[in-house]
Amino acid sequence: MSAMSHEFDLSQATMLPPVAASPRLLGDVATLANQWEAVHEAAAAVGHLAQLGREEPTDEVLALPLRAAETGGYTFEAVARGIDDLSAVIQPGLRALLAITAQGKDTTAAALTLWREFHHARAAILSIVETD
């Protein structure tokens, strides 16, 4: 699994890769890892709009797709569903923030709220796969 980039282009932040099929149906850890990384890129853009520094991902965050695949079964499905749900929140939220920013309006407070929601949701997803 590749590490998440430390650079992002805010203009490309809404361009998340399309998902041809759900990873829980394919059992494909690569698809899950791509979705996980895309969600984090969108969250990084939200963090930028919230005037926060870029978050350095922990090993626990980076390894989630692999740990979920190793556990398999219900755990993999629950993680995949959680990532799908998180993506369904962060993508339209980021698009709205970018649209408002394009109008010259301040989105700092709204972006900070979305960033906090991302972190709460991510913590819940991480809790599905216990670490040693």
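**Helix packing and salt bridges in the predicted model**

The crossing of α2 and α4 is right-handed. In this structure, which is a predicted model, the two helices α2 and α4 pack at an angle of about 150 degrees, and their axes are 9 Å apart. On the side of α2, the contact is made by V29, L32, A33 and W36, while α4, which spans residues 64-71, contributes L64, P65, L66, A68 and A69. Sorted by residue class, the contact of α2 with α4 comprises nine nonpolar residues, with no polar and no charged residues taking part.

In one of them, R54 is paired with E41, and the closest N and O atoms of the two are 2.8 Å apart. Because R54 lies in the loop between α2 (29-49) and α3 (59-62) whereas E41 belongs to helix α2, this pair ties together parts of the chain that are 13 residues apart in sequence. The two partners fall into separate accessibility classes, as R54, at 31% relative accessibility, counts as partly exposed, while E41 is buried, with a relative accessible area of 19%, a value that lies under the 20% limit for burial.

A salt bridge is also formed by the side chains of E55 and R122, with an N to O distance of 2.8 Å. This pair links distant parts of the chain, given that E55 is located in the loop between α2 and α3 and R122 in helix α6 (residues 108-128), 67 residues apart. E55 has a relative accessibility of 34% and therefore counts as partly exposed, whereas R122, at 8% relative accessibility, counts as buried. The loop between α2 and α3 thus carries a residue of each of these two pairs, namely R54 and E55.

The remaining salt bridge joins the side chains of R81 and E77, for which the N to O distance is 3.0 Å. Both residues are part of helix α5 (residues 73-102), and because they are four residues apart within that helix, R81 and E77 are separated by about one helical turn.

Notes
Residues numbered from 1 in each chain as written. Predicted model: local features only at pLDDT ≥ 70, side-chain atom pairs only at ≥ 80, totals over all residues. Heavy atoms only, no water. Salt bridge = Lys/Arg side-chain N within 4 Å of Asp/Glu carboxyl O. Buried < 20%, exposed > 50% of the residue type's maximum accessible area, 1.4 Å probe, protein only. Axes fitted to C-alpha atoms, helices over the stretch in contact; angles between N-to-C directions. Left-handed = near helix turned anticlockwise from the far one by under 90°. Contact = heavy atoms within 4.5 Å. Nonpolar A, V, L, I, M, F, W, Y, C, P; charged D, E, K, R; others polar.
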